[in-house]
Amino acid sequence: MNVSFRKKLFALLVAFIFVLPIMPVGAQTTQERLRELERQRAAAGQRVSEQANLLAGTEMAMSQVMQEMQAMDQQITDAAEALEAIEFDLLATEVRIEEAQEDLAVATAERDAQMEILRERVRTMHEQGSAGFIEILFHAESISDFFSRLEYIRAVTQFDRDLLERLESAEERRVSILDTRTSDLALIQDLQAQILVAKEEIEQRMGERQVFFALLHADAERYAEYMAILEEEARVINREFGVVQAIRQQELAEEARIRREAEEARLAAEAAARAAEAAARMEGLEAQMAATGASVGSFTWPLPARPPIAANISSEFGTRPDPFTGRSAFHSGVDVPAPAGTRINAAKDGYVRISRWSASWGNYIIIDHAGGYSTLYAHNTRNHVREGQRVSAGQHIGDVGTTGRSTGNHLHFEIRMNGVHRNPLGYF
């Protein structure tokens with residue numbers, strides 16, 4: 001696949017990806033389409049990751065092959081330098097051989113001269129025979145002549161020995177020159193042949209690695225091009241995912257708004273129902289009180305064990321120093337200290353509007369009474385009534401405690417008229 005064809009194919013695939021329409025939301029629910037796109041995103045990311053691993057592995061292999069080629073190139077350079085050195089040694093050896101040729105010629109001439117002398121001497125000895133030396137001695141005319149002739153014979157014999165030694169030396173020198181020339185030349189030629197073979201093998205391996213590198217390079221280009229296509233595909237999927245996700249977020253926001261409005265409507269309806277029920281209860285309670293002649297504004301003290309006298313009140317209604325901050329603050333009721341667990345009674349007939357816990361009041365109770373009145377009992381150890389329950393004056397509704405924002409066991413008691421705080425001590 002040539003480069004221009006690959007580029008055309010890449011452009012075609014990218015164009016195809018860009019014109020892929022986003023699936024209408026109506027064909028699937030937005031949530032289903034979002035899950036499908038999430039799956040496609042994960043698959044696209046996996047494909048990109050796998051392709052990146054292929055590309056990284058190929059590039060690593062290319063790097064290794066490049067290192068091998070650099071090493072082989074150095075080996076080829078070293079072999080070439082070794083061949084140059086051997087060629088220089090070969091040239092020097094050839095020069096030495098040429099010089100040795102002259103020595104060989106001289107040695108051969110010496111050997112031939114000695115050989116000729118030896119031949120002549122052997123011929124003479126053959127002609128004279130072995131009796132020649134004895135005959136010379138017999139012809140001596142005196143003792144001195146005898147010894148002179150004997151010395152002559154010894155000299156001749158020594159000459160023959162020297163002649164043989166010189167001939168042997170000349171031959172050895174000639175053979176040594178021949179051997180040296182032959183061994184040096186053979187050694188250098190053998191070394192040259194070995195290096196040539198090694199160089200050819202390295203060059204062959206170099207060619208093979210070059211072919212392999214070219215294949216890896218082609219693979220890397222192909223992997224890179226395909227990875228670019230996969231990355232573009234992943235970007236398209238991510239863009240569509242972002243669009244669908246935004247639509248889904250709008251849907252969720254709309255669903256939350258609808259639920260919130262429905263919940264607000266439900267709470268409003270429940271509050272209206274409770275208000276109507278409370279109003280009906282209060283009307284019934286007021287009618288009952290009117291029939292019995294009871295006073296709407298009269299209350300019974302909630303802690304019979306601690307009568308409403310000044311000695312039993314630790315903090316009165318009105319402005320006072322806050323026990324936690326020390327700054328002046330409005331106190332909306334009265335505090336009556338009592339041991340933990342002391343019984344708390346309902347101050348008047350009514351219905352329990354609240355019986356729960358809060359960070360400031362701890363366990364507390366609010367009871368609605370006739371005529372718009374309500375009473376509050378706070379910091380209780382426990383509450384014994386439930387919301388919506390009808391209670392009577394003097395009924396056990398809770399126990400004294402120190403829950404919530406409190407400095408000790410006591411009852412915080414309030415009376416409210418249409419939500420406005422009143423001094424409780426004015427109602428007993």
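How many bridges join strand 5 (residues 350-358) to strand 6, and in which sense do the two strands run? Seven bridges join them, and the strands run antiparallel. Strands here, like helices, are DSSP runs numbered from the N terminus, with at least two residues (E) for a strand and at least four (H or I) for a helix. Two strands are said to pair if DSSP finds at least two bridges between them.

Before I continue, a word on the basis of this talk. This is a predicted model, in which local features need pLDDT of at least 70 and side-chain atom pairs count only at pLDDT 80 or more, while totals for chains, interfaces and linings use all residues. Residues are numbered from 1 along each chain as its sequence is written, and side-chain values use heavy atoms, with hydrogens and water left out.

Let me give the overall picture. The chain has four helices and 12 strands. Of its 428 residues, 30% are buried; buried means under 20% relative accessible area, exposed means over 50%, and partly exposed lies in between, with a 1.4 Å probe and protein chains only. The chain exposes about 25,900 Å², of which carbon and sulfur atoms supply 57%. These areas come from the Shrake-Rupley method with a 1.4 Å probe, and for residues only the protein chains shown count as cover. Among contacts between residues at least 6 apart in sequence, 69% join residues at least 24 apart, where contact means heavy atoms within 4.5 Å.

I return to strand 6, which covers residues 362-368. Seven of its seven residues are buried. A hairpin of three residues joins strand 5 to strand 6, and Ser355 has Ile365 in strand 6 as its bridge partner. On to strand 7: five bridges join strand 6 to strand 7, again in the antiparallel sense. Here Ile365 stands opposite Tyr377. These two strands also form a hairpin, with four residues between them, and Gly371 in the turn has a positive phi of about 75°.

How many aromatic pairs does the structure hold? There are eight. Rings of Phe, Tyr and Trp (its six-membered ring) pair if their centres lie within 6.5 Å; planes under 30 degrees apart count as stacked, over 60 as edge-to-face and the rest as tilted. In one of the pairs, the rings of Tyr373 and Tyr427 have centres 5.8 Å apart and planes at 75°, so this pair is edge-to-face.

Another pair is formed by Tyr377 and Phe413: with centres 5.3 Å apart and planes at 50°, it is tilted. It also links distant parts of the chain, as Tyr377 in strand 7 and Phe413 in strand 11 (residues 410-417) are 36 residues apart. Tyr377 is buried, with a relative accessible area of 0%, and Phe413 is buried at 0% as well. Ring pairs join Trp301, Tyr377, Phe413 and Phe428 into a cluster.

Rings also meet charges. A charge sits over a ring if NZ of Lys or CZ of Arg is within 6 Å of the ring centre and within 35 degrees of the ring normal. The charged end of Arg41 sits over the ring of Phe241, 4.1 Å from its centre. Lys348 lies over the face of Phe299, 5.4 Å from the ring centre.

Next, I turn to Asp335, in strand 3 (residues 334-337). Is Asp335 buried or exposed? It counts as buried, because its relative accessibility is 8%. A polar contact is a pair of N or O atoms within 3.5 Å; within protein, one must be able to donate a hydrogen and the other to accept it, and residues adjacent in sequence count only if both atoms are side-chain atoms. The side chain of Asp335 makes such contacts with the side chains of His331, at 3.3 Å, and His412, at 2.9 Å.

Finally, there is an open sheet of three strands, in the order 4-10-8 with antiparallel pairing. Strand 4 (343-345) and strand 8 (382-383) stand at the edges with a single partner strand each, so one side of each has no neighbour in the sheet. Strand 8 pairs with strand 10 (residues 396-399) over two bridges, and Arg382 stands opposite Asp399 in strand 10.
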